[in-house]
Amino acid sequence: EGEIRQGAEEPYLANIESYQFYIGNTVDAEAQTITFGVDLREDNITAGTQGGPLEGEENANVLGFFLQDIILISEELTANVGARYDRYELNDHLGQDFTNSGFSPNVGLTYDLSEEWSLRAGTATAYRGPEINDGFKLYPGGPSWEAGSVNDPDLEGESARNNEISVNYNKDGFSFELGVFDNTIDDIIVNTVESEKSEMRAVPWGNYYTNLGTLETDGFYTRMSYSGENYNISLLYDNADTTVNGHKATRYQYGSIAASIGDSWVLDASYQPNDQVYLGWNIRLVEGIDDLEVTIPTDFSNGLIDKPGYTTHDFYLRWDPTFSDNFTLNLTVKNVFDKLYRGHGGLEDYSQLPGYEVIIGANEPGRDVRLSGTLRF
């Protein structure tokens, strides 16, 4: 689908086309369920000034084979074992060819300690090779962007692995879960500048894509809930620490790949007074982060910023009228109290650092009221 952006000189057009093929099958055996298949995706992008010659073109494809097996080892123990193989090919707009492939195994175990208690543990890996870039990053529009985006000739794919273990309890409508996790992505692909590649630091304005290092997120979560005859209430607490090469992650420096988010609490309550009405209330509290040490990209020195905490409320209502089995009415009110806040997943506020007064992330939307109806034929 084509999009037009007004650039510094004249309108610029980018068009991306994607094609995907998938075929899979599931086989149920006596004590196991096997799923296998193949998928193929091809992406093509063209870009250039509107009405002018083609200035950028990239083509990429990825071919994957996968196999997953759920095995009932005993009445208490279940294993989920599998793997996939992916082969990535990319021809970028500078004529560079990249071919990367990776093998991604995974294994998970669930052990029922009793009727109420269960233990889960697993480790999984994933591989992603270089892919086509954003269409507007191919634009050769200025002194530092004479070739648009540039891929490191030695660019490699990213390898991710996730380790997690959790304990679960469930009895008489009450459930509890406690888990710890560690997620690591090696050879993350980020934008930097070629002359400073040896610094292994990312800069927001960079157009040189290379493997920077390691992105790691580790933490823990706990969730508890209680369900009655016509209501449910749950509470979730999530704690996570995200770093890039040991440095606290910020959205400004590392683009969309990482951000630091304060400890989060989510309270959700729902109530169904009758068969026609279902309503709920969701409260999300994100704790603030004070004195977050960040890297100032101009000289790679350190500075401190704050990310204030916030609390939001969402309301939702569904009505299934008795006069029709095919009609449903939904009312959703997000940010009920019109809270003014800046989400921790977005761009931070760097304005207190000299030279970065204009780097201030946008506030999240205010109150959002939506009424929708669904009619099924």
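Q: Among contacts in the protein chain between residues at least 6 apart in sequence, what share joins residues at least 24 apart?
A: Heads-up: this is a predicted model, so local features need pLDDT of at least 70 and side-chain atom pairs count only at pLDDT 80 or more, while totals for chains, interfaces and linings use all residues. Residues are numbered from 1 along each chain as its sequence is written, and side-chain values use heavy atoms, leaving out hydrogens and water. A contact means heavy atoms within 4.5 Å. Of the contacts between residues at least 6 apart in the protein chain, the share joining residues at least 24 apart is 58%.

Q: What percentage of the protein chain's residues count as buried?
A: Buried means under 20% relative accessible area, exposed means over 50%, and partly exposed is in between (1.4 Å probe, protein chains only). Out of 377 residues in the protein chain, the buried share is 35%.

Q: Which element gives the most residues to the lining of the largest cavity?
A: On a 1 Å grid over the protein atoms alone, a cavity is a set of points where a 1.4 Å probe fits but cannot get out, and lining residues have an atom within 4 Å of a point. The largest cavity holds about 40 Å³, and D43, A60 and Y88 are among its lining residues. β3, β4 (56-72) and β5 (77-91) each supply at least two lining residues, but the one giving the most, with three residues, is β4.

Q: Where does the largest share of the second largest pocket's lining come from?
A: A pocket is an open set of grid points with protein on both sides within 12 Å along at least five of seven lines. This one holds about 200 Å³, and of its 14 lining residues, D238, A240, I261, G262 and S264 lie nearest its centre. β14 (231-244) and β16 each give two or more residues, and the largest share, five residues, comes from β14.

Q: Is V266 buried or exposed?
A: V266 is found in strand β16 (residues 264-271), and its contacts away from its sequence neighbours include L235 and N282. Because its relative accessible area is 16%, V266 counts as buried.

Q: Which residue's side chain does N282 join through a polar contact of 3.1 Å?
A: N282 is in strand β17 (residues 277-286) and is buried, at 17% relative accessibility. A polar contact is a pair of N or O atoms within 3.5 Å; within protein, one must be able to donate a hydrogen and the other to accept it, and residues adjacent in sequence count only if both atoms are side-chain atoms. The partner at 3.1 Å is D268.

How values were computed: Points joined across faces, edges and corners; volume = space filled by probe spheres on them. Helix = DSSP H or I, 4+ residues; strand = E, 2+ residues; numbered from the N terminus. Lists of a residue's contacts leave out its neighbours within four places in sequence.
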